[in-house]
Amino acid sequence: MKYISSILCAVLCLALLAGCGLGGQSAPAATDTPAAEPETAEETPVGMINPVRASSAEEIESLFGVAMNAPEGAEDVRYAIIDSAVPLAQMNFSVDGLAYTWRVARTEAYEDISGMYYEWQDVSFEEGDSGVTRLSASGAGLYDRYDAETGMMYSLSMDSGATAEGMAHMVRVLTGQEDGNDSLGELFAALHEGYFPGTAGSSLKAAANAARLADCFAETGAEPDAVARAAADFAGSLSAEERATFELQLEGVAAMFTTLTEEGGEGILADCGYAAAHYPWNDGNVRDCFAALLGSD
């Protein structure tokens with residue numbers, strides 16, 4: 001009997017211990033608030049090493065000593081300052097449907113301040129190696145240049161639609177080396193006032209006008225739709241009789257452009273008195289621009 005009593009006492013003690021909880025800790029109630037989960041990598045802000053803040057052309061000029069003015073006709077113009085190890089001034093804008101990012105910074109030597117990470121397929125250097133243009137297979141582009149005299153680093157980038165000539169032209173406009181305003185309108189005015197099909201010397205005048213337009217298309221990277229709109233706008237400023245003449249003039253220079261790019265065209269170009277900068281204009285976009293001229297009416 002004493003043996004059975006000892007067993008019963010042991011069982012009772014175990015039951016009491018289970019009810020109190022081993023170690024004096026009770027299990028959490030169903031209503032307890034769950035512990036907060038650790039922050040994941042996705043919830044942690046990334047890519048914010050260089051704070052970007054909105055700015056203005058006036059503030060940028062006062063801080064960096066350079067005028068950052070948008071080209072004539074630019075749309076969606078926005079200014080910013082990037083407070084990185086090397087402070088950057090930035091202007092975003094678009095012209096004729098093409099978006100650009102223009103950056104400047106004061107540096108002691110060449111630095112890549114573009115923030116562009118592409119596999120560049122085509123790299124070209126300006127005369128004197130002062131500027132470098134890089135193009136990707138997808139149409140992205142980067143033009144940058146370091147000015148040792150002023151200690152300024154310049155960078156122009158595009159995510160699409162980039163051409164070497166177009167970017168070089170835009171940099172010249174942005175840095176005040178070239179007037180990018182109404183260049184097509186001026187060429188159309190010169191064409192309309194100085195070339196008359198069927199008159200003496202008209203073939204050479206057509207050649208000179210065609211070459212000037214071809215160089216303009218090559219340098220600016222003009223879009224065919226924009227060229228057609230510019231021609232239509234100019235035609236709209238003319239009387240009905242002048243408009244009919246202008247249409248004949250456009251047909252004449254477009255036909256002459258084709259002649260200049262064919263065998264023997266270099267002889268005509270040499271005789272017309274205009275030294276073409278981009279002959280023989282192998283870029284297909286130049287041809288498309290001439291085709292757009294014929295559809296501008």
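**Before you click.** You have a predicted model open, so to speak with its own ground rules: local features need pLDDT of at least 70, side-chain atom pairs count only at pLDDT 80 or more, and totals for chains, interfaces and linings use all residues. Residues are numbered from 1 along each chain as its sequence is written, and side-chain values use heavy atoms, with hydrogens and water left out.

**The whole chain.** Show the cartoon: the protein has 9 helices and 8 strands. Helices (H or I, at least four residues) and strands (E, at least two) are DSSP runs, numbered from the N terminus. Of the 297 residues, 37% are buried, where buried means under 20% relative accessible area, exposed over 50%, and partly exposed in between (1.4 Å probe, protein chains only). Take the contacts with a separation of 6 or more: 56% of them join residues 24 or more positions apart. Contact here means heavy atoms within 4.5 Å.

**The sheet.** Next, colour the strands. The 8 strands make an open, antiparallel sheet, ordered β1-β2-β3-β4-β8-β7-β6-β5. At its edges sit β1 (52-54) and β5 (120-125), each pairing on one side only. From one strand to the next, the twist averages 20°. Two strands count as paired if DSSP finds at least two bridges between them; β1 and β2 (residues 75-82) have 3 bridges, in the antiparallel sense. Select A54 and you'll find A80 of β2 standing opposite.

**S94.** Staying with the sheet, pick S94 in strand β3. S94 is buried, at a relative accessible area of 17%. Beyond its neighbours within four places in sequence, S94 is in contact with G73, A74, E75, D76 and A99.

**Helix α2.** Now select residues 57-64. This is α2, lying across β1, β2, β3 (88-95), β4 (98-106) and β8 (152-158), and running at about 35° to β2. For these angles, axes are lines fitted to C-alpha atoms, for helices over the stretch in contact, and angles run from 0 to 180 degrees between N-to-C directions.

**Helix α5.** Jump to residues 202-220. Helix α5 has 19 residues and reaches 27 Å from its first C-alpha to its last, close to the 27 Å expected at 1.5 Å a residue; the expected span is 1.5 Å times one less than the number of residues. Of its 19 residues, 14 are buried, so α5 is mostly covered. G221 follows α5, with a positive phi near 65°.

**α3 against α5.** The axes of α3 and α5 come within 5 Å and cross at roughly 85°. That makes α3 roughly perpendicular to α5 (65 to 115 degrees; under 35 is roughly parallel, over 145 roughly antiparallel, the rest oblique). The contact is made by E165, G166, H169 and R172 of α3 with A218, E219 and T220 of α5.

Last stop: V227, in helix α6 (residues 224-236). V227 is buried, with a relative accessible area of 0%. Leaving aside neighbours within four places in sequence, its contacts are L184, F188, F217, A222, C289 and L293. V227 and L293 are 66 residues apart in sequence, yet 6.8 Å apart in space, C-alpha to C-alpha. Then select α9 (residues 284-294), where N285, V286, C289, F290, A292 and L293 are buried. They share one side of α9 because they cover an arc of only 155° around the axis, the arc being that of the directions from the helix axis to the C-beta atoms.
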